Amino acid sequence: MTENYESLRIHGDTQVGPGEIDFAVNVHGDEPPEWLAERLRGRIRDLASYPTAADEARARRAIATRHGLTPHPLDQHGPGTARTLPLAGSAEGFHLLANHAARRGLSAAVVHPSFTEPEAELRRAGVIVDRVILREPYAFDPELVPADAGVVVVGNPTNPTSVLHPRARIAALCRPGRVTVVDEAFCDVVADEAGATLAGADLPGLVVLRSVTKTWALAGLRAGYAVGDPDVLADLAAHRVHWPLGTLQLEAVAACCSDEASTHLEEIRRDLAADRAAMCEALAGAKIEVAVRPDAPFLLVRTPEGRDPEEFRSALRARGIAVRRCDTFPGLDPRHVRLAVRDADTVRRLVDAWQAAARDG
């Protein structure tokens with residue numbers, strides 16, 4: 001397990017070289033769907049002006065509607081909008097929350113293996129972090145979290161294990177005086193989003209972070225949002241730079257929370273589920289070990305036993321295949337790699353390269 005801070009800042013995009021088949025980055029599709037691209041193109045003419053309060057209000061209302069948020073006395077832009085905060089990607093949310101914890105002198109507990117950016121941001125802000133390491137099959141028990149943790153961070157479904165934790169177990173973390181942060185970057189594409197998400201739950205200190213860049217192929221735009229405790233969100237908003245989001249980012253958030261997006265999302269969920277099932281079958285047929293049953297659009301797998309993991313990843317890259325190393329995730333060893341779910345033809349090329357690399361070793 002790698003312990004140093006720099007390893008926490010390693011992400012999938014650094015694992016992909018020019019021309020390589022990308023299994024390392026968890027982005028669905030090669031470009032945004034046409035309806036979304038057209039909506040963004042329609043705002044190009046507005047870029048000579050600064051982002052407006054109306055743009056932010058529209059994004060907040062769309063988020064509130066998407067998650068059925070209840071009215072609150074702090075609402076300024078419509079029912080439920082005090083429970084929303086558009087973000088320049090969910091990574092900005094982790095940055096703001098780390099600063100929030102530092103201002104209040106809170107300690108933190110981060111449930112691992114999980115996305116490493118939250119811990120990196122907490123450490124950057126000087127927050128004391130306690131790691132809660134889950135062992136395979138990575139089932140979460142709220143009793144594992146220290147009772148005195150002022151901030152708790154957990155992913156659902158979790159990156160990179162692809163495990164979806166029961167909603168009630170995460171809700172059990174919430175209590176007055178604690179900020180519970182749930183990274184739901186991939187929850188929009190799980191089979192039963194409504195039964196899995198805590199977005200919309202009225203729980204003390206809850207902050208749910210959502211990304212709109214993974215599912216909608218907008219990674220280069222950096223857009224997402226938070227929903228949750230209005231008092232916590234108000235504090236986060238009060239300590240941001242002016243114009244924290246650009247016009248296109250706000251438009252993307254509003255668009256990806258629209259009725260049109262919800263309709264398209266059902267199709268994406270079906271396609272991803274079918275591709276994931278087919279990918280698991282193909283890997284099993286090739287005797288490539290999937291560590292745990294996946295619920296997200298990626299799989300945690302193991303490199304061949306007896307092979308040096310770094311050497312094996314290099315052998316895959318030599319054959320044009322990029323995978324995400326996972327030894328940078330606390331709790332995982334160098335044999336673990338993450339594979340994004342891809343279509344059958346692309347998976348076939350992965351299997352061929354994997355088997356060739358295994359034979360040549």
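Helices H4 (residues 90-104) and H5 (residues 117-124) have axes, taken as lines fitted to C-alpha atoms over the stretch in contact, that come within 8 Å and cross at roughly 40°. H4 and H5 are therefore oblique to each other, a class left for angles that are not under 35 degrees (roughly parallel), over 145 (roughly antiparallel) or 65 to 115 (roughly perpendicular). This is a predicted model, in which local features need pLDDT of at least 70, side-chain atom pairs count only at pLDDT 80 or more, and totals for chains, interfaces and linings use all residues. Residues are numbered from 1 along each chain as its sequence is written, and side-chain values use heavy atoms, with hydrogens and water left out.

In the contact (heavy atoms within 4.5 Å), Phe-94, His-95, Ala-98, Asn-99 and Ala-101 of H4 meet Pro-118, Glu-121, Leu-122 and Arg-124 of H5.

Asp-235 belongs to helix H8 (residues 230-238) and, leaving aside residues up to four places away in sequence, touches His-100, Arg-103 and Arg-104. Because its relative accessibility is 12%, Asp-235 counts as buried, the term for values under 20% with a 1.4 Å probe and protein chains only.

Turning to the strands, S10 (residues 298-302) has five of its five residues buried, with Phe-298, Leu-300 and Arg-302 on one side and Leu-299 and Val-301 on the other. Strands pair if DSSP finds at least two bridges between them; S10 is joined to S9 (residues 289-290) by two bridges in an antiparallel arrangement, where Val-290 stands opposite Val-301. S10 also pairs with S13 (residues 336-340) in the antiparallel sense over five bridges, and Leu-300 has Arg-338 of S13 as its bridge partner.

How values were computed:
Helices (H or I, at least four residues) and strands (E, at least two) are DSSP runs, numbered from the N terminus. Buried means under 20% relative accessible area, exposed over 50%, partly exposed in between (1.4 Å probe, protein chains only). Axes are lines fitted to C-alpha atoms, for helices over the stretch in contact, and angles run from 0 to 180 degrees between N-to-C directions.
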